[in-house]
Amino acid sequence: MFHLVCIIYILIIIYSIITQLKVIINYKKNKKIKIKDGSGLFVSKEILTKNNLATLYVTKVNNKYSDHYDIERNVIRLSKEVYNDEDLSSLTTSFYQVIKALAFQDNKTRKENKLKFLSLDITNKIAFIFFMIAASSKDLGIMLLCLVLMIFVIITRYLYIDKYSKLIEENINYLKKEYKLKEIDIKQLEKTLNILLLNEISIHLINAKY
């Protein structure tokens with residue numbers, strides 16, 4: 001029983017790593033597909049304006065793959081390539097970060113979710129510590145507690161997917177028309193967004209930036 005629970009924990013971590021790799025692979029693939037005016041800055045401003053949030057700040061950071069919505073400061077941070085380059089990667093990445101920003105524009109909601117994200121990070125770190133203790137002592141009780149904590153993190157993160165999905169549905173048709181995307185590009189866009197949504201489940205498990 002101990003070894004079974006241990007294997008389940010490790011498989012969840014492996015799934016999280018694979019999901020992160022899929023994000024990177026799709027990012028590199030989409031960089032080759034050029035989209036006129038598809039820079040991260042331009043796309044962000046377009047979608048924010050459509051949703052009456054033109055004043056929300058979009059800034060550039062130097063680190064690659066560091067694109068994220070800063071829930072604490074209410075700022076969208078895009079890596080230099082995404083911010084400047086006109087391609088499907090920039091379009092998809094910036095669009096997704098705007099979607100996350102749109103989900104937390106109410107001040108009360110933003111404060112509540114900031115605390116939730118912080119608690120998920122702490123819970124995951126505790127689960128990892130318990131895993132190390134259980135692995136060395138072969139204590140089934142601690143290993144089960146570790147798995148329960150991890151499942152709690154997964155379920156909590158999953159609850160956000162529905163909110164993001166609804167916002168994507170409300171804005172994606174505008175994106176397709178505005179940038180005159182080809183059918184093949186639309187399929188790749190939708191595939192990448194699905195991967196990013198799945199990544200929401202695993203993002204805290206490997207202590208990635210939310």
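Predicted model: local features only at pLDDT ≥ 70, side-chain atom pairs only at ≥ 80, totals over all residues.

Guide: Let's start with Cys6, which lies in helix α1, residues 2-31. Cys6 is buried, with a relative accessible area of 15%. Leaving aside residues up to four places away in sequence, Cys6 touches Phe131 and Met143.

Now for the sulfur. The closest cysteine sulfur to that of Cys6 belongs to Cys146, and at 8.5 Å it's too far for a bond, given that a disulfide needs the two sulfurs within 2.5 Å. Cys146 is in no disulfide either, with the sulfur of Cys6 as its nearest cysteine sulfur. So the disulfide count under that 2.5 Å cut-off is zero. Cys146 is buried too, with a relative accessible area of 0%.

The largest nonpolar core has 42 residues, and Ile76, Phe95 and Tyr164 have the most contacts inside it. At least two residues of this core come from each of α2 (40-50), β3 (75-79), α3 (80-84), α4 (88-102), α5 (107-137), α6 (140-178) and α7 (183-202). Phe95 is worth a zoom: beyond four places away in sequence, its contacts include Val43, Ile47, Ile168, Ile172 and Leu193.

There's also a second, separate core of 13 residues, with Tyr9, Ile12, Ala127 and Met143 among them. That brings us back to where we began, as Met143 is one of the residues Cys6 touches.

Note on methods
Residues numbered from 1 in each chain as written. Heavy atoms only, no water. Buried < 20%, exposed > 50% of the residue type's maximum accessible area, 1.4 Å probe, protein only. Helix = DSSP H or I, 4+ residues; strand = E, 2+ residues; numbered from the N terminus. Contact = heavy atoms within 4.5 Å. Core = buried A, V, L, I, M, F, W, Y, C linked by side-chain atoms within 4.5 Å.
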